[in-house]
Amino acid sequence: GSSNDRRSSRDDRSNRYDSAGGGGGWSKTNESSSYKGGGGGRDRGNNDFYESGRRSNNNRGGSSYHSSRPDAYDTSDDIIDWASVNKASEVAAKERWAKCPPLVKAFYNEREEVAQMSPIEVAAFREANNNIVVERTFKDESGKSKPIPNPVSEFHQAFGDFPDLMEELRKQNFTKPSPIQAQAWPVLLQGEDLIGIAQTGTGKTLAFLLPAFIHIEGQPVPRDSRGGPNVLVLAPTRELALQIEKEVAKYQFRGIKAVCLYGGGDRRAQINVVRSGVNILIATPGRLNDLVQEGVVDVMSITYLVLDEADRMLDMGFEPQIRKVLLDVRPDRQTVMTSATWPDGVRRLAQSYMHDPIQVYIGTLDLAATHTVTQLVEVIDEEDKFHRINEFVRDMLPTDKVIIFCGKKTRADDLSSEFILSGISCQSIHGNREQADREQALEDIKSGAVTILIATDVASRGLDIEDITHVVNYDFPRNIEEYVHRVGRTGRAGRSGVSLSFMTRSDWAVAAELIKIMEEANQEVPDEVRNMATRFAARQDRGGGRGGRERFGGNRRW
C-alpha cells in the first residue's frame, strides 16, 4: 500500500494504544496537573495492573478471556474490579510523581522595549520575518486563551541575563535571531510548550537548544542530585541526532554535557558516557528504549523534552517507542515539538502529550517547498535515467555540490559503483552502510573531498550541508512530503539552489500534488506533468484506483 495507507494503519494502532488502560493518562488544567491512572512505572514484570490490562485486551464482544474453556476455570474468580485497579494505579502514580524534585520552567525577563510593542508593530514584525504565524494550537470551549509573548529582534532581549551565553553567540558571528528563534525563545523561556513548524535550515535546533541550557542551569536542585539528565531530544535518524550533538558542542555553557545515543554507534562507549553524568540526552527512539529497558537510562529525571522532526518519526513508525518512553517522563515537564509538516498523526501526538502548546510556524501550514530552490522536472523513461544523470554529472561546475537521491539502497550502491568505474569520484550514504562509513561520507561532502553524494531517504533529513547547490531525485520519492524534504537539502541558509527530478510514467499518482507544490513556489510546470495528472485523475474517475506506482519498473540498463 501507499505510505498514506501505512500511516493510517499506524494511526489506528496508536489510537488503540491510547484507549487501552481504562482512560489512564494525565489530565492537565490551567491550574495544576492531575493524574487519572494508567500506570507508568518501568518495573512491569510483576505488575498486576499491566497483566490485567493484557487480559482485558483479549476480550471480544464482551466474552471473557477464559470463556472458551469454561471447564478449566471458574470465571467468578477472574472478575476484574477496574474501579479499584484504577484507583490503586492513580494512588501509585501520584506517590511516584510526588517524589520528583521541584521543577522551574519560567525564566523569561521580558525587556521593556519588547513588552511595549503595539499589536500593529508585532504584526508588522511577524509579517516581515517570513510571515511568522503564532497561535494556541488547541482552543478551549470559551474561545479564550492566555496571551502569547511578543517576538524578540535582538539576542540580548532573550538572553541578556546570561552574559556567558551571549558571549558564545557572539563567537558564532550571528547577527540577529532567525524568524523561528525570534518567536520561539520568548515562548520557551516563559515555560510554555511549543510546536515549531518550519523548513529545515531555519535555525530550529538553536530555537529549542538555548532555552534548554537555561532550563538546565535554572533548576533549584543541584545537578548531581537530580538523578539523571534534564533534557531529552528525540530525533528520527542518527544523522540528525549527531548533527544536534555537534550543535550542542559549539556552545560552552557552564559545563553542560551531552551524549548522543543511536543504533550503530559504540554501545559500550555511549553507556559509559551516560553513567559518567550528562545533562542532555540526544537519541533515536530505538536505542533509547533499549537503554531504558536495561536500566542504563532513567528518563524520570527529564524535565525538558524535545521531539525533533516529529512528522518524520511517525513516518518511520516510531510512534509506539515514543509513547512508551513518554510513560516514564514526568507529566509536568516542558515539551517542544518540531515538524516540517502538520499531519493528523503529529496533531494527535501533540494533543496527547502537550499542555496548551503555542504553535509557531513560518510561512504556511500547507506543505510547501522552499522558495530559494528552482525546481526542474523531467519526464523520462526508466531506462534513460542513467544516461541523463551521466550528462548532468559531466556538466557540473567545480563549485557545484550535489545530492542524488535513490529509492533503494541497492540502487544507490549500483549508481555509485557505476560512477567510480567511470572515474567519477562520489560517496554514498544509506541504512546498510556502517556508521563509520556514513560519517566519512558526510565529512567528505562537507569538506569538498567529493562533490557528489548518493543517498536514500535516510539522509533526506538531518543532513546539514549548507553549500549543496543541486538535489537530483533520480527516483521520484514515495510521497510529496518526502519530495519537499529532499528539495530542502539545497537552498539553505539564504543561498539559492536547483532541484532536478526524474519522473517516469509509474510516478503519475503524485503528479497533481507536485503541481500544487511547484505552483505555490511560482515554478514552471512541464506540460507532460500536467498531462500525467489529468490522465491519472481520469483513471480514478473510471474506478481504476491508484495504480501505477510500480517503483523501479522498466528495463534497467545496469
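This is a predicted model: local features need pLDDT of at least 70, side-chain atom pairs count only at pLDDT 80 or more; totals for chains, interfaces and linings use all residues.
Residues are numbered from 1 along each chain as its sequence is written, and side-chain values use heavy atoms, with hydrogens and water left out.

The protein chain contains 21 helices and 16 strands, where helices (H or I, at least four residues) and strands (E, at least two) are DSSP runs numbered from the N terminus. Of its 558 residues, 51% count as buried; here buried means under 20% relative accessible area, exposed means over 50%, and partly exposed lies in between (1.4 Å probe, protein chains only). The chain exposes about 25600 Å², of which carbon and sulfur atoms supply 47%, the areas coming from the Shrake-Rupley method with a 1.4 Å probe. Among the contacts (heavy atoms within 4.5 Å) with a separation of 6 or more, 76% are between residues 24 or more positions apart.

In an unreviewed entry, UniProt lists residues 154–182 as "domain: DEAD-box RNA helicase Q", and the annotation "short sequence motif: Q motif" covers residues 154–182 as well. Such annotations, given in the numbering used here and with shortened feature names, may be inferred rather than shown by experiment. In the model this span is 62% helix and 0% strand, and its end C-alpha atoms lie 8 Å apart. Asparagine 173 is placed in the loop between α7 (163–171) and α8 (179–189), and its phi is near 60°, a positive value in a residue other than glycine. Most residues other than glycine have a negative phi. Asparagine 173 is exposed, with a relative accessible area of 64%.

A positive phi, near 55°, is also found for glutamate 309, which is placed in the loop between β8 (304–307) and α13 (310–315). Glutamate 309 is buried, with a relative accessible area of 4%.

Two packed helices are described by the angle between their axes and the distance between the axes. For helix α20 (residues 511–520) and helix α21 (residues 527–541), the axes come within 8 Å and cross at roughly 135°; axes are lines fitted to C-alpha atoms, for helices over the stretch in contact, and angles run from 0 to 180 degrees between N-to-C directions. The two helices are therefore oblique to each other, since angles under 35 degrees count as roughly parallel, over 145 as roughly antiparallel, 65 to 115 as roughly perpendicular and the rest as oblique. On the α20 side, Ala511, Ala512, Leu514, Ile515 and Glu519 take part, and they meet Val529, Arg530, Met532 and Ala533 in α21.

Two further loop residues were examined. Glutamine 219, in the loop between α9 (204–218) and β5 (231–234), is buried, with a relative accessible area of 8%. Not counting residues up to four places away in sequence, glutamine 219 touches Pro102, Leu103, Val104, Phe107, Arg226 and Asn230. Lysine 408, in the loop between β12 (402–405) and α17 (409–421), is partly exposed, with a relative accessible area of 45%. Lysine 408 and aspartate 457 are 49 residues apart in sequence, and their C-alpha atoms are 8.7 Å apart in space.
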